[in-house]
Amino acid sequence: MTSNPNPSLPSSPVSNDTLALMKFQSRAKSTGTAYLLWFFLGSLGGHRFYLGKTGTAMLMLACTVIGLFTLFPLLVTLLIGLYDLFTLPSQVRAINDGLMADISSGKGS
């Protein structure tokens with residue numbers, strides 16, 4: 001049995017790289033999930049809430065609710081939704097890249 005060099009810290013058989021990968025995998029966003037949310041809750045901004053883009057998600061939600069009474073806000077929601085249709089993979093990739101950078105720098109503990 002090996003002794004722990006620092007008895008105040010529990011010894012871990014898992015390397016720091018493995019822990020970082022586990023953190024990343026538990027917090028990473030999925031393109032498939034984003035597209036499912038876009039399809040079913042897109043007009044309410046569900047996919048944007050999932051990606052952490054709460055500002056534009058709230059805009060889409062407000063435009064959809066207001067759009068029940070007037071047409072223009074629905075056009076805003078439609079334009080954002082069409083933009084997201086083609087850019088969701090790159091948005092998810094950018095969020096996951098930022099997450100990995102935070103975890104590797106120690107910010108995402």
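Contact here means heavy atoms within 4.5 Å, and buried means under 20% relative accessible area, with exposed over 50% and partly exposed in between (1.4 Å probe, protein chains only). The model is predicted, so local features need pLDDT of at least 70 and side-chain atom pairs count only at pLDDT 80 or more, while totals for chains, interfaces and linings use all residues. Residues are numbered from 1 along each chain as its sequence is written, and side-chain values use heavy atoms, with hydrogens and water left out.

The chain holds five helices and zero strands, giving the pattern α-α-α-α-α along the sequence. Helices (H or I, at least four residues) and strands (E, at least two) are DSSP runs, numbered from the N terminus. Of the 109 residues in the chain, 24% are buried. Among contacts with a separation of 6 or more, 48% come from residues 24 or more positions apart.

Helix H5 spans residues 72–105. Its buried residues are Pro73, Thr77, Ile80, Gly81, Asp84, Thr87, Leu88, Gln91, Val92, Asn96, Leu99 and Ile103, and their cover includes H1, H2 (31–41), H3 and H4 (54–66). A kink of about 70° sits at Thr87, shortly before the proline Pro89; this bend is the angle between axes fitted to the seven residues ending there and the seven starting there. After H5 comes Gly106, with a positive phi near 95°.

The axes of H1 (residues 16–27) and H5 come within 10 Å and cross at roughly 150°, where axes are lines fitted to C-alpha atoms, for helices over the stretch in contact, and angles run from 0 to 180 degrees between N-to-C directions. On the H1 side, Ala20, Lys23, Phe24 and Arg27 meet Asn96, Leu99, Met100 and Ile103 of H5. These contact residues divide into five nonpolar, one polar and two charged, counting Ala, Val, Leu, Ile, Met, Phe, Trp, Tyr, Cys and Pro as nonpolar, Asp, Glu, Lys and Arg as charged, and the others, Gly among them, as polar.
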